[in-house]
Amino acid sequence: MKNSGSNRLKILFASSEAQPLIKTGGLADVAGSLPIALSEMGQDVRLVLPAYPQAVVGAAPLIPVTSLKLPGYSGIIRVLEGRLRGDVPVYLIDAPDLFNRPGNPYADPSGADWSDNAERFALFCQVVSQLSLNRAGLHWRPDLIHCNDWQTGLIPALLAFEHNRPASVFTIHNLAYQGIFNRSTFSRLGLAEKLWRYEGLEFNNSLSFMKGGLAFSDWVTTVSPTYAREILTATLGYGLEGLLQYRADRLQGVLNGVDYTVWDPASDPAIPQHYDATTFHLKKINKSFLQREMGLPEREDALLFGHIGRLVEQKGVDLIMQILPGMLKFPHVQLVILGSGDPELERFLCQECGKHPDRIAAVIGYNEGMAHRIEAGCDLFLMPSRYEPCGLNQLYSLRYGTVPVVHRTGGLSDTVINATPRNLLVGSATGFVFDRPDVDSLWRTVNIAVDLYGRPKAWWHKLAVNGMHQDFSWNSSARHYMEIYQKAINNPALNPLAGAVLP
Ligand code: ADP
Ligand code: GLC
């Protein structure tokens with residue numbers, strides 16, 4: 001039952017993408033499902049996104065609810081209200097010359113970053129701060145604004161100097177992408193000069209949007225407990241580990257949840273055959289369908305590996321490429337890959353498919369339905385990420401009985417339990433985990449998986465079905481966020497520039 005009482009929080013959730021309106025990666029999955037989970041817990045949560053063309057279509061019908069003018073932007077900015085999955089209100093910030101473009105939120109159709117990304121997301125941040133201060137005519141003032149990744153990083157910085165501001169929580173989804181721009185961009189954006197300090201937005205003589213979120217928000221979170229520890233080190237802190245250590249008493253890792261109304265093989269409309277843990281044997285129908293869809297020979301005895309993701313260094317796809325010759329020596333192994341990114345990796349993948357069309361199939365591009373069918377049709381899912389703040393595909397794989405093979409890092413290490421002989425015996429294993437992101441470790445682990453698959457079927461069945469029983473729904477993580485929201489509201493952080501001698 002929804003909560004309409006006085007303990008109901010008003011939360012504005014700001015993101016640069018949200019599924020099903022617009023998606024390039026896991027941030028969209030989170031921004032499209034955590035607000036729904038919070039709303040189901042009775043909170044008054046509203047989402048705010050730029051009005052990209054896809055979002056305008058997806059959130060329809062839209063009502064223009066207010067408009068505003070901002071210094072530095074010549075046009076009128078409209079705020080359009082629609083719904084996320086018919087439930088949560090969504091505000092789309094309509095500044096057409098900045099957001100009404102083809103391509104994705106960050107890049108043009110050729111994949112090159114928009115040259116005015118600083119202007120685009122600075123404007124987004126400015127509008128969102130005005131909304132959250134109830135200065136844009138919405139007649140709604142949130143208790144808290146939840147910002148996500150660098151595109152929203154300026155919001156806490158802009159709010160920090162306001163009296164009677166809402167509390168702010170900033171979530172790091174990937175610290176490697178920081179929104180760094182040069183000094184002249186900082187001046188062009190018309191940001192207050194007092195923010196240009198190393199306690200503020202300045203980072204190695206550049207402007208860092210990410211730092212705005214890390215330095216000025218009341219609480220900082222990231223998307224798994226292990227990643228929350230890893231970013232305190234030089235290896236994964238990307239130069240921000242000092243600031244994060246300084247804020248460690250207000251930094252917490254909260255594991256992402258899964259929306260099982262979207263990712264569940266028992267009801268997934270994108271897959272040909274529904275199944276659950278009690279009808280695991282039906283999964284093989286999805287395997288045949290996938291083999292056909294991908295142009296691979298339809299073989300029930302094949303051991304089908306899958307991978308879905310952005311083809312970038314983070315994801316370790318190059319490691320998969322390097323073990324291909326070895327994998328092909330197993331006559332029953334097949335591999336399907338869906339992804340796009342690095343043109344060299346894309347080319348290499350296509351070449352390999354051309355050479356081994358009966359063993360490897362790759363689709364370059366983005367295809368949501370196919371991603372679901374790969375989860376449903378494969379036996380194993382490869383995720384050798386060099387680092388992984390949380391990762392969602394291993395969680396989807398678990399639910400689909402597609403055993404994940406992962407590097408012990410970030411959220412992968414928090415969610416997959418290694419199939420050691422002991423864990424298999426006691427029934428706790430859910431996947432295969434290796435310690436180093438290198439070719440040898442991945443290769444050794446793939447061999448262990450191939451070996452186990454060849455043993456009596458009951459062993460594999462037990463491993464896969466144990467994964468299916470894991471619960472990574474939003475229930476506990478959304479509650480965890482609520483606790484953090486309360487702490488942020490009750491105990492605001494000091495403005496890091498408040499005590500500084502300002503120029
Ligand atoms: P990241 O956010 O780093 O890309 P995650 O594992 O958190 O990684 O989330 C990736 C999300 O994007 C998943 O929902 C995955 O299925 C989806 N995805 C990635 N690449 C593709 C693609 N080419 N086609 C369809 N879905 C994709
Ligand atoms: C980022 C991370 C990924 C995480 C996702 C959602 O893109 O790379 O690990 O799951 O955000 O939080």
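**Close-up views of a predicted model**

Leaving aside its neighbours within four places in sequence, R408 is in contact with S413, N418, V433, F434 and D435. The C-alpha atom of R408 is separated by 9.8 Å from that of T226, although the two residues are 182 residues apart along the chain.

**View of the salt bridge between R408 and D435.** Among the contacts of R408 is D435, and the side chains of these two residues meet in a salt bridge, with a distance of 2.6 Å from N to O. The pair links distant parts of the chain, since R408 belongs to the loop between β17 (403-407) and α16 (410-415), whereas D435 belongs to the loop between β18 (432-434) and α18 (439-453), 27 residues apart. D435 is exposed, with a relative accessible area of 53%, while R408 is partly exposed at 39%.

**View of the salt bridge between E368 and K23.** A search of the whole structure finds 23 salt bridges, and one of them is formed by E368 and K23, whose closest N and O atoms are 3.4 Å apart. E368 lies in helix α14 (residues 368-377) and K23 in the loop between β1 (10-14) and α1 (26-40), so the pair ties together parts of the chain that are 345 residues apart in sequence. K23 is buried, with a relative accessible area of 18%. The pair also belongs to a network of salt bridges in which K23, D29 and E368 are linked.

**View of the salt bridge between D218 and R165.** D218 forms a salt bridge with R165, and the closest N and O atoms of the pair are 2.9 Å apart. D218 lies in the loop between α7 and β11 (219-222), and R165 lies in the loop between α5 (154-159) and β7 (167-172), so this pair ties together parts that are 53 residues apart in sequence. Both D218 and R165 are buried.

**View of the sheet formed by β8, β10 and β9.** The 3 strands form an open sheet in the order β8-β10-β9, and the pairing is antiparallel. β8 (180-181) and β9 (202-203) stand at the edges, each with a single partner strand, so one side of each is left without a neighbour in the sheet. β8 pairs with β10 (residues 206-208) in the antiparallel sense over 2 bridges, and the bridge partner of I180 in β10 is S208. Helix α7 (residues 209-216) lies across β8, β9 and β10, and the helix runs at about 55 degrees to β10.

**View of the packing of α18 against α19.** Two packed helices are described by the angle between their axes and the distance between the axes. Here α18 and helix α19 (residues 457-468) pack at an angle of about 120 degrees, with their axes 8 Å apart, and the two helices are therefore oblique to each other. On the side of α18 the contact involves A449, L452 and Y453, which meet K457, W459, W460 and L463 in α19. The residues of this contact divide into 6 nonpolar, no polar and 1 charged.

Definitions and conventions
Residues are numbered from 1 along each chain as its sequence is written. Chains are lettered from A and ligands numbered from 1 in the order in which they are written. This is a predicted model: local features need pLDDT of at least 70, side-chain atom pairs count only at pLDDT 80 or more; totals for chains, interfaces and linings use all residues. Side-chain values use heavy atoms; hydrogens and water are left out. Two strands pair if DSSP finds at least two bridges between them. Helices (H or I, at least four residues) and strands (E, at least two) are DSSP runs, numbered from the N terminus. Contact means heavy atoms within 4.5 Å. Axes are lines fitted to C-alpha atoms, for helices over the stretch in contact, and angles run from 0 to 180 degrees between N-to-C directions. A salt bridge is a side-chain nitrogen of Lys or Arg within 4 Å of a carboxyl oxygen of Asp or Glu. Buried means under 20% relative accessible area, exposed over 50%, partly exposed in between (1.4 Å probe, protein chains only). Angles under 35 degrees count as roughly parallel, over 145 as roughly antiparallel, 65 to 115 as roughly perpendicular and the rest as oblique. Ala, Val, Leu, Ile, Met, Phe, Trp, Tyr, Cys and Pro count as nonpolar, Asp, Glu, Lys and Arg as charged, and the others, Gly among them, as polar.
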